[in-house]
Amino acid sequence: MHQPLGFVDRSAPTYVCRLCKALYELRQAPRAWYQRFAKYLVRLGFIIAKSDNTLFTFRQGDDMAYLLLYVDDIILATSSDRLCGGIISQLQTEFPMFDFGPLIYFLGIAVTRTPSYLLLSQQKYTQEILENAGMGSCKPAATPVDTKSKLSLNSGPPFRDPTLYRNLVGALQYLTFIRPDIPYAV
């Protein structure tokens, strides 16, 4: 251990700084974690996708693997159980991790498996948003927008719970990022 650059105490060069803040609370921590993880995956033979630097691909003969990293959660999809087990065991030697089994629900997306396809659905996530907004029993509409409405800063009473409002806006924003067919209505 050594003193960090810019904080070297010349009167006590052998002293080290006591860390008062855990690494995960620092702004650089996610970047450092990603760099370490990505470097390890590249050593294993993965290739970082050009379109998304959190997507890693691996090819070994006829076998393929896709690994998606979201903060500290990993989704691993492989063409064979043998390849999946091998990758998981290699990752577990370097990083403390748990295998939670087949993917069922991740970031608001429910995954249903059949022998011929995977069905990805956000029905549950969307229903949760409606329930949180107190609109769970509302009837669907072809175009859920009042096209004649004129909104202004002073129209209607202020929203009673600003935190709930912000949460709803964030949830709807996330939903529109991954469902490009609904942004106008939202």
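What follows is a short chat about a predicted model of one protein chain.

Trainee: What is the average pLDDT of the chain?

Mentor: The model is predicted, and the chain averages a pLDDT of 83. Of the residues, 90% score at least 70.

Trainee: Which elements have the lowest and the highest mean pLDDT?

Mentor: Strand E7, residues 118-121, has the lowest mean among the elements, at 84. Strand E1, residues 47-48, has the highest, at 96.

Trainee: Why care about low values?

Mentor: Where pLDDT is low, predicted coordinates should not be read in detail.

Trainee: OK, the fold. How many helices and strands?

Mentor: Four helices and seven strands. From the N terminus, the order is α-β-β-β-β-α-β-β-β-α-α.

Trainee: And how much of the chain is buried?

Mentor: The chain has 186 residues, and 19% of them count as buried.

Trainee: What about contacts between residues 24 or more positions apart?

Mentor: They make up 31% of the contacts with a separation of 6 or more.

Trainee: Let's go inside. How many residues are in the largest nonpolar core?

Mentor: It has 14 residues. Phe-37, Leu-41, Phe-46, Phe-56, Leu-67 and Leu-91 have the most contacts inside it.

Trainee: Which elements give two or more residues to this core?

Mentor: Helix H1 (29-44), strand E2 (55-60), strand E3 (63-70) and helix H2 (81-94) do. H1 gives the largest share, four residues.

Trainee: What does Phe-37 touch, leaving out neighbours within four places in sequence?

Mentor: Phe-37 is in contact with Leu-67, Leu-69, Ile-74, Leu-91 and Phe-95.

Trainee: Which residues lie nearest its centre?

Mentor: Leu-68, Ile-74, Ile-75, Leu-76 and Leu-103. The lining of this pocket has 45 residues. Ile-74 also turns up among the contacts of Phe-37.

Trainee: How does the lining divide into nonpolar, polar and charged?

Mentor: There are 33 nonpolar residues, six polar and six charged.

Trainee: Which element gives the most to that lining?

Mentor: Strand E4 does, with six residues. E4 covers 73-78.

Trainee: Which elements supply at least two lining residues?

Mentor: H1, E3, E4, H2, strand E5 (105-106), strand E6 (109-113), E7 and helix H4 (162-178).

Note on methods:
Residues are numbered from 1 along each chain as its sequence is written. This is a predicted model: local features need pLDDT of at least 70, side-chain atom pairs count only at pLDDT 80 or more; totals for chains, interfaces and linings use all residues. Side-chain values use heavy atoms; hydrogens and water are left out. pLDDT is the predictor's confidence in each residue, from 0 to 100. A nonpolar core is a set of buried Ala, Val, Leu, Ile, Met, Phe, Trp, Tyr and Cys residues joined through side-chain atoms within 4.5 Å. Buried means under 20% relative accessible area, exposed over 50%, partly exposed in between (1.4 Å probe, protein chains only). Contact means heavy atoms within 4.5 Å. On a 1 Å grid over the protein atoms alone, a cavity is a set of points where a 1.4 Å probe fits but cannot get out, and a pocket is an open set with protein on both sides within 12 Å along at least five of seven lines; lining residues have an atom within 4 Å of a point. Ala, Val, Leu, Ile, Met, Phe, Trp, Tyr, Cys and Pro count as nonpolar, Asp, Glu, Lys and Arg as charged, and the others, Gly among them, as polar.
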